[in-house]
Amino acid sequence: MALTLHFHPLSSFCQKALIGLYELDVPFEKRLVDLGDPTARAEFLRLWPLGKFPVLHDGDRDRTVPESTTILEYVDRRQGGGRLVPGDPDRALECRLQDRFFDLYVNTPMGKVVTDRLRPEGEHDRLGVSQARAQLRTAYAIAEEQLRMHRFASGDDFGLADCAAAPSLFFARQVEPFGDQHPHLAGYLERVSARPSVARTFAEAAPYLSLVPR
């Protein structure tokens, strides 16, 4: 497959895609897009007018695939399926549920807190940030119970949901710490961060972490 991933290493959704692609061990080209560069931005918008990362282009089929979940399901199926999303319908449903859980209820509120720091003085959304932090605490409590019973995000095997969980929890913990009441969540993040695909993705992002607003 002639695959090209258009991405930025600091994007948690791009990290999700990278983790999955490394897990699938497929050859692909990485193309870092600098949206601050007018030429690079225009080229990327021609590929995907919404301008959101990540986007995969399959040169063999001349097909553009946006969105991290869709990208990983697309490549997994082209590889024969079953590695990131289980073949069993009930397990697949749970995997997809947990994938959406970490995207919507951890990654999204985490992003709200981080991007609010980029707003000019006097334009901060205090209420929105407070609500985002509350949602993170609720999500932590739910995930704590899930991980009390399972080794990985949707069961005993690494999959799509873990690709979503690892980067979202990595950044979320920095804006809303887990606290002592979430030992299983903390243990999960430590455990999954040591997995080669995750460790590689985090290592590649490390030189850019100073750019994250604090």
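**Reading salt bridges and a sheet**

Both lysine 16 and aspartate 103 are buried in this predicted model.

User: How do the side chains of lysine 16 and aspartate 103 meet?

Analyst: They meet in a salt bridge, at 2.7 Å from N to O. The pair links distant parts of the chain: lysine 16 sits in helix α1 (residues 12–24) and aspartate 103 in helix α4 (residues 89–116), 87 residues apart.

User: Which residues do salt bridges with shared partners join into one network?

Analyst: Lys16, Asp99, Arg100 and Asp103.

User: Let's take another pair. Does glutamate 23 count as buried or exposed, and why?

Analyst: The general idea is a cut-off: buried means under 20% relative accessible area. Glutamate 23 has 18% relative accessibility, so it counts as buried. Its salt-bridge partner is arginine 195, at 2.6 Å from N to O. Arginine 195 counts as partly exposed because its relative accessibility is 28%.

User: Now the sheet, please. How do I read strand pairing?

Analyst: Strands of a sheet pair through backbone hydrogen bonds, and they can run parallel or antiparallel. Here, four strands form an open sheet in the order β2-β1-β3-β4, with mixed pairing. At the edges are β2 (28–32) and β4 (63–66), each of which pairs on one side only.

User: How many bridges join β3 to β4?

Analyst: Four, and the two strands run antiparallel. Look for leucine 56, which stands opposite valine 65 in β4.

User: Which strands does helix α3 lie across?

Analyst: Helix α3 (residues 68–78) lies across β1 (3–7), β3 and β4, and runs at about 130 degrees to β4.

Key: Residues numbered from 1 in each chain as written. Predicted model: local features only at pLDDT ≥ 70, side-chain atom pairs only at ≥ 80, totals over all residues. Heavy atoms only, no water. Pairing = 2+ DSSP bridges. Contact = heavy atoms within 4.5 Å. Axes fitted to C-alpha atoms, helices over the stretch in contact; angles between N-to-C directions. Salt bridge = Lys/Arg side-chain N within 4 Å of Asp/Glu carboxyl O. Buried < 20%, exposed > 50% of the residue type's maximum accessible area, 1.4 Å probe, protein only.
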